[in-house]
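Subject: A structure for you to explore

Hi there,

Here is the structure I promised to pass on. Have a look around it first, and then read my notes below.

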Amino acid sequence: KRIYQFLKKYDIIHFHELWSIKIILIIYFANKLAIKHFIVGHGYLDPWSINQKFIKKKLFIKLFLQYAYNSANAAFFSTLDEYKDAKKNIKIHSPFVIPNGINLSLFKKRILSKKISKKKIIFFGRIHKKKGIEILLRAIKKLPDSFFNNFIFELTGPGQKNDIEFTKNLINIFKIEKRVHLNHSVKSNHKANYLSKHDVFILPSFEEGDSIALKEALASYLPVIISKQCRMDIVENYNAGIVIDTNVESLYKALISLETLDLVKMGNQARKLVEEKYNNTECSSRLYDIYRNIYCGSRFSRDWLNTHD
C-alpha cells in the first residue's frame, strides 16, 4: 500500500539500477498504475559486465529483467556502442542515446603552459579490478627509469577495503612505491581543483557506461589515455587523447609516447571537446525533451534510435 501511495505522486519513473529485485517490484506496481518508466543501463549489459557472475545475471535477465525492458517506455543509453553491446544480451525497444554532460562552470577555464617539474599522471576513480588497475601497475613496472625523470603516477579514489589492499600489495610486489602514489578519495567540492593540478588522465577500464570522471578530466584540460571500453574514440579525433586495448603492451606504448607529445595542445583540445560535445546544459535539455516525448507519447526528439536502419 505504501508503494502504491508513493508511486501515485509521479508521472514518469527513471530507473538507474538493474540487478535488483526491488526495481522489478517497483516496475510491477508502476505497470499496475500505468505510470510511464524507463531504464538507463550504465554499461552493465556489456559482455564484460555480464561475464561477472554470468549464470546469475543470465537467469536474472530471463526471469526478471527482460520483463522490465519489455514493459518500459524507453531504454536509455549513453553511447551507440553501449546500445549495440546491450542488445546482444537483452531485447530492447524504443532506445535513445544521450551522453552524460558536464557542468562546465565547475571547471574553470585556464591557460596551460609547458611544465618544467615532473608531470603528474592521474588515475581518478573507483579502485576496482574492472578499472584496469592491475594493467596500469604492470605497465608502470615495465617503464624505464628514465621515464620517471619527467613523470610520476597517482591513483586517487574510493574503493572496497580488499580492492585497496590488493592494489597496495601489487605496488609492493612490483617494487614501484617511488613511481606511483596511492591516495584517498577527494571530496566532490574539491574535485575540480584537484584535477587541475595534474597533467594526464588515465583510465584503462574493462567496462564503462559513460565515465563522468573521464569527462571531468577533459573539462580540466587533461589529455587522456583510455581503453576502447570507455567508448570515447572521439578523443583521438580531437587530438585530446590516446585510445588503447586493455592489455599491458598497448598501455605501455601509449605511456612511452607521452614523452614526445605536445601535452599543452592536447589539454586545450580536451577542453574544446567537452565544450562542444558534453556541455551539461545541452545534454540536460535533450533529456528533458525525451521526458516530454515519453509523457506525451510523441517522438519529436532526434535522440531516438531508428532500430530499423
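**Salt bridges across the chain**

K131 and E208 form a salt bridge, with their closest N and O atoms 2.7 Å apart. This pair ties together distant parts of the chain: K131 is in the loop between β5 (119–124) and α6 (133–142), E208 is in the loop between β8 and α9 (212–219), and 77 residues separate them. Both K131 and E208 are buried. Please keep in mind that this is a predicted model.

How many salt bridges does the structure hold? The count is 17.

Another one joins E249 to K142, where the closest N and O atoms are 2.3 Å apart. Here too, distant parts of the chain are linked: E249 belongs to helix α11 (residues 248–257) and K142 to helix α6, 107 residues apart. Is E249 buried or partly exposed? E249 has a relative accessible area of 35%, so it counts as partly exposed. K142 is also partly exposed, because its relative accessibility is 40%.

Next, find K88 and D85, whose side chains meet in a salt bridge of 3.4 Å, N to O. K88 has a relative accessible area of 59% and is therefore exposed, whereas D85 is buried at 17%. These two residues also belong to a network of salt bridges that links D46, D85, K88 and R231.

**A buried serine**

Now move to S94, in the loop between α5 (80–86) and β4 (95–97). With 17% relative accessibility, S94 falls under the 20% cut-off and so counts as buried. Which residues does S94 contact, leaving aside its neighbours within four places in sequence? They are N73, A74, A75, R299 and W304. With R299 there is also a polar contact of 2.9 Å between the two side chains.

**A tyrosine and its partners**

Y291 sits in helix α13 (residues 280–296). Its relative accessible area is 27%, so Y291 is partly exposed. Not counting residues up to four places away in sequence, Y291 touches I12, H14 and F38. The side chains of Y291 and H14 make a polar contact of 2.8 Å.

**A strand covered on both faces**

Strand β9 (residues 224–227) has both of its faces covered. On one side are V224 and I226, on the other I225 and S227, and all of these are buried. Strand β9 pairs with strand β8 (residues 200–203) in the parallel sense, over three bridges.

**A nonpolar patch**

Last, turn to the surface. F54, I55, L59 and L63 make a nonpolar surface patch of about 420 Å². One of them, L63, is found in helix α4 (residues 54–71). L63 is exposed, because its relative accessible area is 56%.

Enjoy exploring, and write back with any questions!

Best wishes

Definitions and conventions
Residues are numbered from 1 along each chain as its sequence is written. This is a predicted model: local features need pLDDT of at least 70, side-chain atom pairs count only at pLDDT 80 or more; totals for chains, interfaces and linings use all residues. Side-chain values use heavy atoms; hydrogens and water are left out. Patches are made of residues with over 30% relative accessible area and no salt bridge: like charges are joined within 9 Å, nonpolar side chains (Val, Leu, Ile, Met, Phe, Trp, Tyr) within 5 Å. Accessible areas come from the Shrake-Rupley method with a 1.4 Å probe; for residues, only the protein chains shown count as cover. A salt bridge is a side-chain nitrogen of Lys or Arg within 4 Å of a carboxyl oxygen of Asp or Glu. Helices (H or I, at least four residues) and strands (E, at least two) are DSSP runs, numbered from the N terminus. Buried means under 20% relative accessible area, exposed over 50%, partly exposed in between (1.4 Å probe, protein chains only). A polar contact is a pair of N or O atoms within 3.5 Å; within protein, one must be able to donate a hydrogen and the other to accept it, and residues adjacent in sequence count only if both atoms are side-chain atoms. Contact means heavy atoms within 4.5 Å. Two strands pair if DSSP finds at least two bridges between them.
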